[in-house]
Each structure stands twice: as C-alpha cells, then as structure tokens.
Amino acid sequence: RMVMKKSKTIGVMVPDISNPFFSTLVRGIEDVLFQESFITMLCNANEENERESNALEELSRRGVDGFIIASSAISNEDIDRLLRNKKHPFIILDQKSSEGDSDTIGTDDFLGGKLAAEHLKELEHMNVAVVVPKNITQNIQRRVDGFESIYGTGFKLIEVESLSKKSGREAAKEISESNISGIFAINDEIAFGLYLGLKELGKTVPDDYSIVGYDNVDMCEYMTPPLTTIAQPIYELGRQTAEMLLDRIEHPEKEWESKKLPVNIINRFSTTHA
Ligand code: RIB
C-alpha cells in the first residue's frame, strides 16, 4: 500500500485505556498501522469533553494524517469544526456514532442484547435486570433495545456510575435487595465487579444469580466461575477500523463505507436455570 503523507501518524481517541476492551481494540489498530509504517498517537479521553477537544485540536495542529474516534466525549460540533471542515480523514466507532458523512464501523449491539436476553429467558429467569452506566451511549442503548425486544419492559434497569468494576461492585447491594435472579451486565468489567460485590454479600454465581457479560475480554475465562458473555470481535474491530481509515487516506473521494461486525454468545458457567 502506497500512502504518501506528511506525518505518518494517526490519532486515536478512546474513553478509558484501562478497560481491556479498549486496550485490545488499540492493539488491533496499532498492529495494522505499524505494518503500514504509521505511528499511533493514543489519547485517553477519560470521558472529559474538554480534554478530548484539546487533544483533537493539538493532533490536528501537528498534522496527523487521520483520526480514529471511539469516545463519545467528543462533540459533533468539534468533529465538524476540527475534522470534517478541515477535510481530515477520520473514522468513528463504538461509543461514538456518526452524524453526517463519514466512514463507520461497529458491531451488532442490538443482536448482542437480544442474545443475552434469549439466553436468560431460556433459563426461565423471570426477574431480570440490565446494569448500565448513567451516561448511556448509543451503542449501549442498542444493547438495551435488543434486550427489550425479548423481555418487553419487564426488566429492571439499574444505573451505575460507569462501565467499571467498581460500579459493578456497587450495584450488588441494590440487586441483593430485589427479587432479581438474572443479570445482564452491559460490559464485562461491570460483571467482574458484580462477582465481588455479590460475594461480599454472601451470594454465589450462578446459584443465586445468573450473570451474562458483554465484550468477551480475556479475563472472562479466568474468573470463577468463567463468565458467560456476548463476544465482540474486539481485536478484529481494531484491525478493520485501521484498514478502513488507511483506505480513506488513500482514496479520499471514494463512497462512504459502513461495516457491522457480528457478535455471538460464549456459554461458560455464570448462568444456570432459575
Ligand atoms: O467495556 C467497554 C464497553 O464500552 C464495551 O462494551 C464497548 O463496546 C464500549 O462501548
């Protein structure tokens, strides 16, 4: 691939690099960029809008060749002002969805939510909860919608601070005070936190609570019990994102492209019959 550009650098914005979803994603991105002799400049947004906007401005000033944006903290105005209007190649994914013209890539969030619900329903869980962060991004809303397509409105939505283990741990109390038996944690980190929180309350998984996670990060296999989860092809998502962006840099005038990668359920041992 011949890409003749100035800095051979790509800026990547993620909301939280300490979450293994994002580190695996970045590994996929970087592996492709490295192969094509590009350097990856990583910005961890920490979900702070101003920090993101400054980072974006700075990257643009330094003349990076393209941008990969996975964080919702960056506003659409900034995308227009700092990227679209300046004709910088960029691609948007995961927590950020595109408004207006751009390439996009994602995974099938609606199906993911639906698969989680179908699984809990097959196990005859009638009282179920979905644990979500309070600032719900569009991709996560689609998971909730998919879940709702099976359970209707007959489930409890539990809002926590963030997509973190800490938040999962904190949600355990509310769950233990309800009659819930099946839990869909909107990402694996929340599920891991629930494991600890429930254990601290003397509860066991899956005997007291069945838990389905989301992402399928490596750690799922190493938990006790190993976590049943919805797998996103995270590394592959990273690779294809980088490939799409490089393609855009090479062919700035080509038609916008949009890709949706599949998800599937990985059955392990964190769920059982109600
Ligand atoms: O674990 C991080 C979560 O937030 C993932 O499910 C990912 O898709 C992101 O939006």
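**Ground rules.** I number residues from 1 along each chain as its sequence is written, and my side-chain values use heavy atoms, with hydrogens and water left out. Because this is a predicted model, local features need pLDDT of at least 70 and side-chain atom pairs count only at pLDDT 80 or more, while totals for chains, interfaces and linings use all residues.

**Entry 1, parallel sheet.** I looked up the strand order. Six strands make an open sheet, S2-S1-S3-S4-S5-S11, with parallel pairing. Strands here are DSSP runs (E, at least two residues), numbered from the N terminus. Two strands pair if DSSP finds at least two bridges between them. S2 (39–44) and S11 (258–261) are the edge strands; each has a single partner strand, so one side of each lacks a neighbour in the sheet. From one strand to the next, the twist averages 15°. I took the axes as lines fitted to C-alpha atoms, with angles from 0 to 180 degrees between N-to-C directions.

I then checked one pair. S4 (residues 90–93) and S5 (residues 103–107) run parallel and are joined by three bridges. Ile91 has Asp103 as its bridge partner in S5.

**Entry 2, mixed sheet.** I traced another open sheet of six strands. Its order is S7-S6-S8-S9-S10-S12, and the pairing is mixed. S7 (155–160) and S12 (264–266) stand at the edges with a single partner strand each, so one side of each has no neighbour in the sheet. Neighbouring strands are turned by 20° against each other on average, direction ignored.

Again I checked one pair. Four bridges link S6 (residues 128–133) to S8 (residues 182–185), and the two run parallel. Val130 is bridged to Phe184 in S8.

Next I looked up polar contacts (N or O atom pairs within 3.5 Å). The side chain of Asp215 has an N or O atom 2.5 Å from a ligand oxygen. For Gln232, a polar side-chain atom lies 2.9 Å from a ligand oxygen. For Gln95, the side-chain distance is 3.2 Å, also to a ligand oxygen. Taken alone, the ligand exposes 280 Å², and the protein buries 100% of that. Areas come from the Shrake-Rupley method with a 1.4 Å probe.

Notes:
Polar contact = N/O pair within 3.5 Å; in protein donor to acceptor, adjacent residues only side chain to side chain.
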